Amino acid sequence: MDIRTQSVDRNLLLEFSGELDHHAAKNAIRELELAVDTALPRRLVLDFNGVTFMDSSGIALLLRAKRCMDALEGSLLVCRVQPQAKRVMDAAGIDRLVHIKQEGTV
Amino acid sequence: MRKSMNYIRLEFPSRSSNEGFARMATACFASQMDPTLNELEDIKTAVSEAVTNAIVHAYPDSIGRVTLKARICEGNVLEVTIKDAGKGISDVEKARQPMYTTGGEERSGMGFTIMESFMDGLTVRSNPGRGTTVTMQKKIASRATGQR
């Protein structure tokens with residue numbers, strides 16, 4: 001799992017690529033927290049276009065991102081989610097907590 | 001028990017680096033059933049959940065043995081069994097409930113929910129102190145007979 005970080009005007013963008021399973025999520029959650037703690041963003045965008053596989057470990061990552069942004073009173077958007085990852089998100093009902101945009105640009 | 005047409009049996013230590021291997025190997029084996037991409041992804045996702053459970057919960061402080069068996073049964077049904085000899089689950093009903101986890105913030109508690117929704121059958125048998133066996137079935141629709 002590779003994560004690219006861009007931060008402009010307290011907008012933080014994290015671009016994920018690779019497989020987001022339990023093996024990868026341990027580091028990914030740590031990297032996400034570090035990036036949020038450093039940038040203290042008003043808005044966090046997670047770009048999942050490069051996520052080729054995701055299981056419930058990705059749900060744990062989204063819940064963590066949500067908690068981080070709630071603490072900062074900021075917003076969270078997950079975008080460009082591939083069909084397999086979207087089905088996992090739907091099965092977990094995560095769209096009740098996190099704003100997910102499947103298509104379009106960041 | 002269903003009649004088995006073909007099977008594989010894998011054994012590996014409960015290291016998280018084997019999660020990807022386990023789901024890929026199962027998907028490769030299942031590909032002879034001519035599944036759709038969606039069906040293959042469903043199988044990979046469910047296997048990933050079951051193997052992760054064995055790694056995280058069965059052997060929390062040690063490395064143990066995980067056995068994965070996949071077999072093709074009559075009626076184009078794939079059956080996958082993931083077995084560990086770890087600490088077991090004292091209350092299977094509770095463990096299967098959405099959002100329930102003993103795995104801390106790294107886990108979401110959605111593993112069994114996802115296995116249930118991505119497969120056609122799920123059975124969990126567990127003996128505290130002796131281990132857990134998860135058995136899942138997935139019916140692969142036949143393209144030739146237009147059942148899809």
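**View 1. The interface between chain A and chain B.** Chain A and chain B bury about 2,000 Å² between them, with carbon and sulfur atoms giving 51% of that area. Three residues, His22(A), Ser56(A) and Arg87(A), supply 29% of the area that chain A buries against chain B, more than any other three residues. The model is predicted. In contact across the boundary are 21 residues of chain A and 25 residues of chain B.

**View 2. Polar links across the interface.** Between chain A and chain B there are 15 residue pairs in polar contact, counting pairs with both residues at pLDDT 80 or more. On the chain A side, at least two residues each come from helix H1 (22-39), strand S3 (43-54), helix H2 (56-71) and helix H3 (83-92). H2(A) gives the most, with seven residues. By class, this side of chain A has nine nonpolar, five polar and seven charged residues.

**View 3. Salt bridges between the chains.** The count between chain A and chain B is four salt bridges. In one salt bridge, the side chain of Asp21(A) meets that of Arg23(B), at 2.9 Å from N to O. Arg87(A) belongs to a network of salt bridges with Glu41(B), Asp42(B) and Lys138(B).

**View 4. Glu33(A) and Arg64(A) within chain A.** Over all chains, the whole structure holds 13 salt bridges. Glu33(A) pairs with Arg64(A) in a salt bridge, and their closest N and O atoms are 2.4 Å apart. Glu33(A) is partly exposed, at 25% relative accessibility. Arg64(A) is buried, at 12%.

**View 5. Lys138(B) and Asp42(B) within chain B.** A salt bridge joins Lys138(B) to Asp42(B), with 3.0 Å between the closest N and O atoms. The pair links distant parts of the chain: Lys138(B) is in strand S5 (residues 131-139) of chain B and Asp42(B) in helix H2 (residues 37-58) of chain B, 96 residues apart. Lys138(B) counts as buried because its relative accessibility is 8%. Asp42(B) is also buried, at 12%.

**View 6. Arg96(B) and Glu116(B) within chain B.** Arg96(B) and Glu116(B) form a salt bridge, their closest N and O atoms lying 2.8 Å apart. Arg96(B) is in the loop between helix H3 (92-95) and helix H4 (111-118) of chain B, while Glu116(B) is in helix H4 of chain B, 20 residues apart. Glu116(B) is partly exposed, with a relative accessible area of 38%.

Conventions
Residues are numbered from 1 along each chain as its sequence is written. Chains are lettered from A and ligands numbered from 1 in the order in which they are written. This is a predicted model: local features need pLDDT of at least 70, side-chain atom pairs count only at pLDDT 80 or more; totals for chains, interfaces and linings use all residues. Side-chain values use heavy atoms; hydrogens and water are left out. Contact means heavy atoms within 4.5 Å. Buried area is the accessible area (1.4 Å probe) that two parts lose on being put together, summed over both. A polar contact is a pair of N or O atoms within 3.5 Å; within protein, one must be able to donate a hydrogen and the other to accept it, and residues adjacent in sequence count only if both atoms are side-chain atoms. Helices (H or I, at least four residues) and strands (E, at least two) are DSSP runs, numbered from the N terminus. Ala, Val, Leu, Ile, Met, Phe, Trp, Tyr, Cys and Pro count as nonpolar, Asp, Glu, Lys and Arg as charged, and the others, Gly among them, as polar. Buried means under 20% relative accessible area, exposed over 50%, partly exposed in between (1.4 Å probe, protein chains only).
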